[in-house]
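Me: I'd like to learn how to read a fold from its coordinates. Could you walk me through it, one feature at a time?

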Amino acid sequence: MLSISCSEFMSSRSSPGTMRFRGSWYAGIVVRREAKNTNRYVVEYDQLYADESGEKLLQETLDWVQLRPPPPPPEKKVQFKFEDEVEAFYSDGWWEGAIIA
């Protein structure tokens, strides 16, 4: 049984049949384990909301394979090269991409 030791996380919101969020990661906290003998966790996002008013943060139950630690702080000066794999912050989440120019 996996135990998540830190409360901060990045989660993948990609799920089977949902291409809209494929390759994106969103920051939040692990609220609790769903049940004692499961690898599913209730998470709460930092910048995704459950309602249109933006007052209640979104909570979801995710499998542990959809969680990862947050990224390290950015380096001060980075020189990207053609075809470097990158992640860019856009629309409240981190998106996988590549340098093409």
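Me: How many nonpolar, polar and charged residues does the lining of the second largest pocket have?

Reply: First, a word on the source: this is a predicted model, where local features need pLDDT of at least 70, side-chain atom pairs count only at pLDDT 80 or more, and totals for chains, interfaces and linings use all residues. Residues are numbered from 1 along each chain as its sequence is written, and side-chain values use heavy atoms, with hydrogens and water left out. Now the general idea: rolling a probe the size of a water molecule over the atoms shows where empty space is left. Here a pocket is an open set of points on a 1 Å grid over the protein atoms alone, where a 1.4 Å probe fits, with protein on both sides within 12 Å along at least five of seven lines; lining residues have an atom within 4 Å of a point. For the classes, Ala, Val, Leu, Ile, Met, Phe, Trp, Tyr, Cys and Pro count as nonpolar, Asp, Glu, Lys and Arg as charged, and the others, Gly among them, as polar. By that scheme, the lining of the second largest pocket has nine nonpolar, three polar and three charged residues.

Me: Where does that lining come from, and which residues lie nearest the centre of the second largest pocket?

Reply: There are 15 lining residues, and Met10, Tyr26, Ala27, Gly28 and Asp46 lie nearest the centre. The elements giving two or more residues are β1 (8-12), β2, β3 and β7, with β3 giving the most, four residues. The volume is about 160 Å³, meaning the space filled by probe spheres set on the points, with grid points joined across faces, edges and corners.

Me: And what lines the largest pocket?

Reply: That one holds about 280 Å³ of space. Pro71, Pro72, Pro73, Pro74, Phe80, Asp84, Glu85, Val86, Glu87, Ala88 and Trp94 line it. The largest share, four residues, comes from β6. By class, the lining divides into eight nonpolar, no polar and three charged residues.

Me: How many helices and strands are in the chain?

Reply: Helices (H or I, at least four residues) and strands (E, at least two) are DSSP runs, numbered from the N terminus. In this chain there are zero helices and seven strands, so the pattern along the sequence reads β-β-β-β-β-β-β.

Me: Which way do β6 and β7 pair?

Reply: Two strands count as paired if DSSP finds at least two bridges between them. β6 (85-90) and β7 (93-98) pair in the antiparallel sense over six bridges. Glu85 stands opposite Ala98 in β7, and the bridge partner of Tyr90 is Gly93.

Me: Which residues other than glycine have a positive phi, and where do they sit?

Reply: Ser91, in the loop between β6 and β7, has a phi near 50°. Glu83 has a positive phi of about 70°, and lies in the loop between β5 (67-68) and β6.

Me: Are those two buried or exposed?

Reply: Buried means under 20% relative accessible area, exposed over 50%, and partly exposed in between (1.4 Å probe, protein chains only). Glu83 is exposed at 58%, whereas Ser91 is partly exposed at 48%. For the whole chain, buried residues make up 24% of the 101 residues.

Me: Which residues make up the largest nonpolar core?

Reply: In soluble globular proteins, nonpolar side chains tend to be buried together. A nonpolar core here is a set of buried Ala, Val, Leu, Ile, Met, Phe, Trp, Tyr and Cys residues joined through side-chain atoms within 4.5 Å. The largest has eleven residues: Phe9, Phe21, Tyr26, Val30, Tyr41, Val43, Tyr45, Leu48, Leu58, Leu62 and Leu67. The elements that give two or more residues are β2, β3 (40-49) and β4 (57-63), and β3 has the largest share, four residues.

Me: What does Leu62 touch?

Reply: Contact means heavy atoms within 4.5 Å. Not counting residues up to four places away in sequence, Leu62 touches Ser11, Asn39, Arg40, Tyr41, Val43, Tyr45 and Leu67.
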